[in-house]
Amino acid sequence: MGEKSWGMVIDVDKCTGCQACVVACQSENNIPINEEEHFNQRRAIEWIRVERYWEGEFPDVKARFIPILCQHCGEAPCEPVCPVFATYHNDQGLNVQVYNRCVGTRFCANNCPYHVRFFNFWEPEWPETLTNQLNPDVTVRSRGIMEKCTFCVQRIRRTERESERDGVDLDDGDRALSPACVNACPTSALVFGDFADPESKVSRLKEQEEKEDGRAYRLLENYGTEPSVVYLKKVEEGAKSASHG
Amino acid sequence: MAGLISLVGVAVLAGTVLVVTFVISAWFGRPIVFGYDDGPAQPIAFPHTVHAGVGPLLNADGSPRLDEEGQPQRVNVMSGLGLDCTFCHRMAATEAAATIPSVGLCMSCHVTVGDGNDEIEKLRQAADTGTPIDWTRVHRVPDHVHFVHEAHIRFFTERDGVPASQVCSTCHGEVAAMTTVRQDRSLKMSDCVDCHRDNGAPTDCTTCHY
């Protein structure tokens, strides 16, 4: 486990709102099935979601999409409020949630401006036919525990270990390393990589787009949370930047 | 009255001592009061002593098997067996799980070896009907912990310059001398993390919990 700073670049211009990332995440990470009732109670669990905004009036309307997941903030508001240190920042730039340490105060979710932390209000259940498709590399979270996007840390760990075993360097953009959402995205709107490596794809995108008149922005930047997710806004003339909230 | 009070006092004291002993022993992750048990019974009494032990052929209880003249008996084909651990636990050096061998691997010998032995008949029956054997797990970390054999075997084989099969005893004890496999080391979090600290291995929570 070398010094890393995992992060993501999301090109909103490329997002078609197809929800493939949501489905991929759901099945990679053993997330319980959300039913209508869960949404109505605002207790659905979606580590990544695609928010939809309408612009204009019918018939001249446009749909805008923006995928939102845990921003793995450098100055994460969720971390200092945890009374038991179940959530902390590790040396790879991940905002970690240690499920077995969590006692379920939900302070972290209250303090998160992005609404990307989810509480398990129920014991997770799957239909009998689906129990064999659970991912053995991911802990099933029981009732009373907070959970959220991990950047698919299980995939990072495994690829790191296998590259060490085989004596090869980690490959930037390796599909085995990238989170499920990134792999599933048909338009490559999501890119995952190591910001500590100036040669990585995410670093180069960020550098290029943070220049004058570049497209880079971050969600709720003014809060000083220093997210590890960089968004690239729409290129369309006259489009409002699809900022959150 | 005084007698009653002192009786209650003694009872309370005894209770406290019992509870404290239990808590302390549980704290160190090793139930010293009761000790580790002998390991669960298995659907087929598979003895590591016979297969993995080195030297002359052993009885299932570990004592040397004697021939009619009272001499230590050797099997013609493979004296003392002494099979390498990774011959059966094939993935130990390459993957997360060491894995238990399939019935097919056992049968590569037991098609011919062991006529008349009840346990081996069970094995052959399983092979005939194509049913896997439902071995009982001995070592198991909880679901929220991810253990990986490969990284450990790699580290210790490289550091000590020994083959993989000599690393196993660090955590599993001398399995080759066990008739039924039992746990030998607590393998609780403190046990894992202590060794990780001593060897400069990662101790970040996401090493083991995710």
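Start by selecting helix α4 (residues 153-166) of chain A together with helix α6 (residues 149-160) of chain B. In this predicted model, the two helices pack at an angle of about 30°, with their axes 10 Å apart. Axes here are lines fitted to C-alpha atoms, for helices over the stretch in contact, and angles run from 0 to 180 degrees between N-to-C directions. Helices (H or I, at least four residues) and strands (E, at least two) are DSSP runs, numbered from the N terminus.

Now show side chains on this pair of helices. A:R161, A:E164 and A:R165 in α4(A) meet B:E150, B:A151 and B:R154 in α6(B), where contact means heavy atoms within 4.5 Å. The residues of this helix contact divide into 1 nonpolar, no polar and 5 charged. For these classes, Ala, Val, Leu, Ile, Met, Phe, Trp, Tyr, Cys and Pro count as nonpolar, Asp, Glu, Lys and Arg as charged, and the others, Gly among them, as polar.

The contact takes 18 residues from chain A and 17 residues from chain B. About 1500 Å² is buried between the chains, and carbon and sulfur atoms give 58% of that area; buried area is the accessible area (1.4 Å probe) that two parts lose on being put together, summed over both.

Pick A:R165 and B:E95 next: they form a salt bridge, the closest N and O atoms being 3.4 Å apart. A salt bridge is a side-chain nitrogen of Lys or Arg within 4 Å of a carboxyl oxygen of Asp or Glu. Between chain A and chain B the count is 3 salt bridges. The largest share of the side of chain A that touches chain B, 7 residues, comes from helix α4. By class, that side of chain A has 8 nonpolar, 4 polar and 6 charged residues.

Two backbone stops remain. A cis peptide bond joins A:F58 and A:P59, with omega about 5°; A:P59 lies in the loop between β2 (48-55) and β3 (62-69) of chain A. Then go to A:C152, in the loop between β7 (146-148) and α4 of chain A, where phi is near 50°, a positive value in a residue other than glycine. Most residues other than glycine have a negative phi, and most peptide bonds are trans.

Residues are numbered from 1 along each chain as its sequence is written, and chains are lettered from A in the order in which they are written. Local features need pLDDT of at least 70, side-chain atom pairs count only at pLDDT 80 or more, totals for chains, interfaces and linings use all residues, and side-chain values use heavy atoms, with hydrogens and water left out.
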